[in-house]
Amino acid sequence: MTTTRGLEGVVAAETAISSIIDDTLTYVGYNIDDLATNASFEEVVYLLWHKRLPKADELAELKQQLADNMAVPQEVLNHFKTYPINNVHPMSALRTAVSMLALYDDAAEDMSDEANYLKAIQLQAKLPTLVTAFSRVRKGLEPIAPKTDLGYAANFLYMLSGDLPDDIEIEAFDKALVLHADHELNASTFTARVCVATLSDMYSGVVAALGALKGPLHGGANEQVMKMLTEIGSLENVDKYINEKLENKVKIMGFGHRVYRKGDPRAKHLREMSKKLTTLRGESKLYDMSVRIEEIVTGQKNLPPNVDFYSASVYHSLNIDHDLFTPIFAVSRVSGWTAHILEQYANNRLIRPRADYVGPGLQTYIPIEER
Ligand SMILES: CC(=O)SCCNC(=O)CCNC(=O)[C@H](O)C(C)(C)COP(=O)(O)OP(=O)(O)OC[C@H]1O[C@@H](n2cnc3c(N)ncnc32)[C@H](O)[C@@H]1OP(=O)(O)O
Ligand SMILES: O=C([O-])CC(=O)C(=O)O
């Protein structure tokens, strides 16, 4: 048996949801550049779930379904109030809360196609409410109920701050959601598929995926990028800081990718948004620092930025707490996870690879008193 470390290059599933071919990302055959420029997040969610773009009435129906299902059970909100708040990362709170949601869904164990589609809607609708409610509860504030007349992106920003967001904020956040929605067989999506391939339920698949997304080598990198920018503090400090890290073989968060070689096509959209929003907020220093970091890392290591690099300064400019960046990634990616879970159920086979055993050879059991 030969081992492929990290399953690099291994093709482990067939999918009709998204593809990365020659550094081009498509959702159901639509180029990400086209979608980022033209599509709303709700359209993308419909596309991933139904493998086609919605007609106007279908989009209106989905928007209504999402708005109607955003409220979460009071028991789940009350549970947040019992957490040792200073020690709880919002990704851990979200992971726990999604697991708890299953307890209040009468159809959680119903494996029919109809019930599974409704679960996807429930999850997509409720994640923004969970993330924003947790953020408020830990600040001693009451959660804000969603407004059914707001779109998905606007509702998130509204529930977070209590203020109605302006058009620029809504457009930027919506685009960020579009860009993060799906990405072929990334680690969290693979995790979700492995979980539900045992014919476990959709909530379990999403809880597993949240655990995988949380790590700094995957979705957790966006929070780490902001931590790095904060530590660096000024444009003058960038060269010394980054060069020292590279010399010591410390990874620069937000750079590199397992699949892309020339570059992540999503990064340029986020770079553009970062420039616009940081300038608007009078914090263009963050953008300038990011550009200089990119010059050094790309120049020295030939590692282009990934989706997590410029999203950090974008979310910061939207006044979002830094440890909510990864939960926001989940709010978008749950669309991809649920699409992949539905695809896995539709043509399921248990995912069970082999391991190359490298431990000791056959040993004779020694009774405990003789060891
Ligand atoms: C949404 C997402 O998940 S996008 C990815 C988000 N993650 C990050 O931004 C974390 C930083 N990046 C990384 O850790 C990696 O580039 C990964 C995990 C994304 C992909 O990496 P892999 O394909 O596993 O490559 P691997 O980690 O083996 O690195 C290969 C070489 O490139 C180097 N390298 C890779 N990424 C980086 C980086 N960000 N900074 C510096 N060096 C890096 C490694 O040190 C290694 O060097 P070596 O061969 O001299 O030991
Ligand atoms: O595909 C990957 O390995 C990671 C990634 O960029 C994503 O999940 O968006």
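**Close-up views of a predicted model**

**View 1. Arg136, a buried residue without a salt bridge.** Arg136 is buried (under 20% relative accessible area, with a 1.4 Å probe and protein chains only), yet has no salt bridge, meaning a side-chain nitrogen of Lys or Arg within 4 Å of a carboxyl oxygen of Asp or Glu. Asp163 is the nearest side chain of opposite charge, and that one is 7.9 Å away. For charge, Lys and Arg count as positive and Asp and Glu as negative, while His and the chain ends are left out. Look for Arg136 in helix α6, residues 113–137; helices here are DSSP runs of H or I with at least four residues, numbered from the N terminus. Beyond its neighbours within four places in sequence, Arg136 is in contact (heavy atoms within 4.5 Å) with residues including Leu141, Glu142, Met159 and Leu160.

This is a predicted model, where local features need pLDDT of at least 70 and side-chain atom pairs count only at pLDDT 80 or more, while totals for chains, interfaces and linings use all residues. Residues are numbered from 1 along each chain as its sequence is written, chains are lettered from A and ligands numbered from 1 in the order written, and side-chain values use heavy atoms, without hydrogens and water.

**View 2. His257 and Asp308, listed together in a record.** UniProt, in an unreviewed entry, lists these two under "active site"; such annotations may be inferred rather than shown by experiment. They span 52 residues in sequence, yet no two of their C-alpha atoms are more than 10.6 Å apart, so they gather at one spot. Both His257 and Asp308 belong to the lining of the largest pocket.

**View 3. His257 in its loop.** That loop runs between α12 (238–247) and α13 (267–280). His257 is partly exposed, at 27% relative accessible area, on a scale where exposed means over 50%. Further along the sequence than four places, its contacts are His183, Asp264, Arg266 and Asn306.

**View 4. Asp308 in helix α15.** The helix covers residues 307–317, and Asp308 is buried there, with a relative accessible area of 5%. Setting aside neighbours within four places in sequence, Asp308 touches His218, Gly219 and Phe329, among others.

**View 5. Asn69 and its polar partners.** You'll find Asn69 in the loop between α3 (56–68) and α4 (74–80). A polar atom of its side chain lies 2.8 Å from the backbone oxygen of Gln65. Its contacts beyond four places in sequence are Ile121, Gln122, Ala125 and Lys126.

Key:
1 Å grid on protein atoms, 1.4 Å probe; cavity = no way out; pocket = protein on both sides within 12 Å on 5 of 7 lines; lining within 4 Å. Helix = DSSP H or I, 4+ residues; strand = E, 2+ residues; numbered from the N terminus. Polar contact = N/O pair within 3.5 Å; in protein donor to acceptor, adjacent residues only side chain to side chain.
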